[in-house]
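The stops below can be selected one after another.

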Amino acid sequence: VSTVQLARRLHPRSFLRPEEPAFWAFSILLAIGAASTIGTLAELSQVSRSGWILAWALLSLYAVPVAIVVYRLDLYEREPVPLAIAALAWGALGATGLSIRAAGWGELLTAALGPGAATWGSAVVTPVTEELLKAAGIVLLAMLARDEFHDMMDGFVYGAFVGLGFAIVEDVVYFMAVFGGTPAGVLEGFGIRVLASGLYGHVLYSALIGMAVGLLAAEPDDDPPSRRWTIAAGLVGAAFLGHIVWNLPGLTPAGGVASLLLLAIKGVPLLVFVVVAVRMAHRRERRWLDRALATPVVAEIVEAREAAVLRDPAARRRSVAAMRRRAGRTAASLLRRLQREQVNLAMIVNEAPGDTAAIAAQAGLCRSLRLALGAIPGAAARGSAS
Amino acid sequence: MRAPKLLGPLIVTAVVVAVTWGSGPLARPLEAGSIAVAPGVAVTPPDGWGVAAADLVAPWQGARLLRGPASVTVASVDGMAGSSADVLDAYARTQLSSHVDGAVAGDAGTVTLPSGRQALTLGYVGRAPDGTPIEGLLIATIRPGGGVVFDVATPHGSLVDIADDVRAIIGSAAIA
């Protein structure tokens, strides 16, 4: 078994896992939602070709940097790209299409309570249905790739990608169907829906729910279950509340600079909450990594000098860049892989200290990666990981 | 081992199905007299008018009232800033083409609805998907955070025949 085959067996890092029932549930629901979303987008593309192109171009300018920042927020173990794309697709095509079909709850509320309930009802019903449908994708992802949900930050990344996908498609629909679809209408919609409020929307709501899923999906740590469930409930509650506050009547945009300021201000509390939550999650990540690196079994594989580099994401990037200069791209790629597998070893020791077979296999993978790296001329000159 | 792996996805799927399609069966028993056609909009169709789904492009929602070849589409949208003209423009650009080919609009006018709301009207002519020449009238007004459009369409020359019914439909409309 080659090093690469061993790595793939230990960490599939893939979305295609047909042996998992959650894979099929995710795929089928995604296809149903996508059929509805794609039909809607196809119709709206006919409204104005120039407006359509401008809408996607503007949203790309916003979405690409957000995606990069979100992806890099996970300090120690970046999520597999196929799974991140699956999360984005769920938000963009699955949850949006299902939400369109779920619009009947607002009408039901109006029918039951009278038209007076419609304005308030919309502020409550829409957030609940949208957040539930987005959360379903995150939960299914956690079920089909449990091995990639180690802590809150992993859930944060997947949740944020679901929210980003949802926000992009919802914005395109609004630009075209509500703001008129012309280039002028698209620019107006971009100003109101993205520039003034993009930071506080679906990305944050779903990221919070993702953190809750990540916390509950991860292997139990020192925290008692009641504390984990309490934190998770708080995160989910904050997401729903943030979305409901955003939709409250009287706080919806009516145009003008004051309206844009209102939109910006009313999202600030949630943004601050998410920043604090991310900092807490980072501290948790550092805590478990330090604890795992200090165990004898990891210390035997990861030298003290390497451990110091692993603890500091910037030092990891610097060491890979130095390796690229010293020994070429292949060596740099191998070093990046070695560092990732060393973090994976720390995770296995942290989450399943009694699973000696898995620990031995992972330790063997790290050793073989180091040997492969050492065989590249120039790579071993100043040590393997720094 | 398979049962726990199946149970979770099944529960999540059940939640998704309930959230996505669950409102339909619950809504049916409530449909009598006044009909909630969209969040914030309810109308009471006169005798002889039926209700059908309106194939509106999201995020517009609504229903189509039908009597023979005449139809009144009641469409509502949330998340919209602006005037009745913006609502009218957005509807005409994105929704009208679904049931009118080659629409040619006249000049816009203003009207006060029975509820006292100010609205904008726009007449148009065009062809139904089956080629029948039709004439129609759009009536657009705003509501908090959104807008409402009544889209009246009849075979050419018969708009006047349903004028009283249209007046009754719009007069019965409860717009939040």
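What follows is a short tour of salt bridges in this predicted model.

Over all chains, the structure holds 14 salt bridges, and the tour begins with one that crosses between chains. Select Lys5(B) together with Glu20(A): the two form a salt bridge whose closest N and O atoms are 3.2 Å apart. Because Lys5(B) belongs to helix H1 (residues 2-21) of chain B, while Glu20(A) sits in the loop between helix H1 (3-10) and helix H2 (21-44) of chain A, this pair joins two chains. Lys5(B) is partly exposed at 26% relative accessibility, whereas Glu20(A), at 16%, falls under the 20% limit and so counts as buried.

Next, move to helix H6 (residues 116-144) of chain A and select Glu131(A) and Lys134(A), which are three residues apart there and thus separated by about one helical turn. Their side chains meet in a salt bridge, with 3.0 Å from N to O. Lys134(A) is buried at 0% relative accessibility, and Glu131(A) is likewise buried, with a relative accessible area of 0%.

Then turn to chain B and select Asp89(B) and Arg93(B), four residues apart in helix H3 (residues 84-94) and again separated by about one helical turn. The side chains of this pair meet in a salt bridge at 3.4 Å, N to O. Arg93(B) is partly exposed, with a relative accessible area of 34%, and Asp89(B) is partly exposed too, at 37%.

As a last stop, select Glu170(A), Asp171(A) and Arg193(A), which are joined into one network by salt bridges that share partners.

Terms used:
Residues are numbered from 1 along each chain as its sequence is written. Chains are lettered from A and ligands numbered from 1 in the order in which they are written. This is a predicted model: local features need pLDDT of at least 70, side-chain atom pairs count only at pLDDT 80 or more; totals for chains, interfaces and linings use all residues. Side-chain values use heavy atoms; hydrogens and water are left out. A salt bridge is a side-chain nitrogen of Lys or Arg within 4 Å of a carboxyl oxygen of Asp or Glu. Buried means under 20% relative accessible area, exposed over 50%, partly exposed in between (1.4 Å probe, protein chains only).
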